[in-house]
Amino acid sequence: MTRLDRRTLLAGMGIGLFGACQPGPDESDLAEVKKPPEGGIGGTGIVGVLTDFSSLILNGLRVSTGAEMRVTTALGPAQAADLAIGQSLTIEAAMTADGLDAKRVHIDHPVIGTVFD
């Protein structure tokens, strides 16, 4: 194991201070940084409660529906007519020029209640 001498320690501190004094990004660089549009959990989808129709409105996000949208439950395929306000949904969506477009909607059935042995 090598010992850290004073010269190496001071050089390392100087380099660290020099790096901290560098200017930050200008406003043009910050304009290019965008928040992820899906509002999901790192690209896993949009999870929440269905609050309105006309499109699917989930957690304040409007997700348009189309003919290619698949609806599923834990029991298998379902129909878009099976969707109801208040249901827990997981939506897999894609970003388009017009906003979010639902590709797959999964109706979740959370288990709520007392568990008995």
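This is a predicted model: local features need pLDDT of at least 70, side-chain atom pairs count only at pLDDT 80 or more; totals for chains, interfaces and linings use all residues.

Biologist: Let us begin with pairing. Which strand does E6 join, and in which sense do the two run?

Modeller: Look for the bridges, then for the direction. Strand E6 (residues 88-96) is joined to E7 by 9 bridges, and the two run antiparallel. For a reference point, take Ala-94: its bridge partner in E7 is Asp-101.

Biologist: How many residues does the hairpin between E6 and E7 pass through?

Modeller: The hairpin that links E6 to E7 has 2 residues.

Biologist: Which way does E4 run relative to E7, and how many bridges join them?

Modeller: Strand E4 (residues 70-73) runs parallel to strand E7 (residues 99-108), with 3 bridges between them. Val-71 has Val-105 as its bridge partner in E7. Thr-72 stands opposite His-106, also in E7.

Biologist: What does E4 do with E5?

Modeller: E4 pairs with strand E5 (residues 76-78) in the antiparallel sense, over 3 bridges. A hairpin through 2 residues connects E4 to E5.

Biologist: What should I expect of side chains along a strand?

Modeller: In a regular strand, side chains alternate between the two faces of the sheet. Keep that in mind when you step along a strand on screen.

Biologist: Next, charged contacts. How many salt bridges are there?

Modeller: The count is 2 salt bridges. Look for a side-chain nitrogen of Lys or Arg within 4 Å of a carboxyl oxygen of Asp or Glu. One of them joins the side chains of Glu-92 and Arg-104, at 3.6 Å from N to O. Glu-92 lies in strand E6 and Arg-104 in strand E7, so this pair ties together parts that are 12 residues apart in sequence.

Biologist: How accessible are Glu-92 and Arg-104?

Modeller: Glu-92 is partly exposed, at 43% relative accessibility. Arg-104 is partly exposed too, at 25%.

Biologist: Which side chains meet at 3.2 Å?

Modeller: Those of Lys-103 and Asp-101 meet in a salt bridge, 3.2 Å from N to O. Lys-103 is partly exposed, with 33% relative accessibility. Asp-101 has a relative accessible area of 12%, so it counts as buried. The cut-off for buried is under 20%.

Biologist: Last, the surface. Which residues form the nonpolar patch?

Modeller: Leu-4, Leu-9, Leu-10 and Met-13 form the patch, with about 410 Å² of accessible area together. Met-13 sits in helix H1 (residues 6-20). At 47% relative accessibility, Met-13 counts as partly exposed.

Technical notes: Residues are numbered from 1 along each chain as its sequence is written. Side-chain values use heavy atoms; hydrogens and water are left out. Two strands pair if DSSP finds at least two bridges between them. Helices (H or I, at least four residues) and strands (E, at least two) are DSSP runs, numbered from the N terminus. Patches are made of residues with over 30% relative accessible area and no salt bridge: like charges are joined within 9 Å, nonpolar side chains (Val, Leu, Ile, Met, Phe, Trp, Tyr) within 5 Å. Accessible areas come from the Shrake-Rupley method with a 1.4 Å probe; for residues, only the protein chains shown count as cover. Buried means under 20% relative accessible area, exposed over 50%, partly exposed in between (1.4 Å probe, protein chains only).
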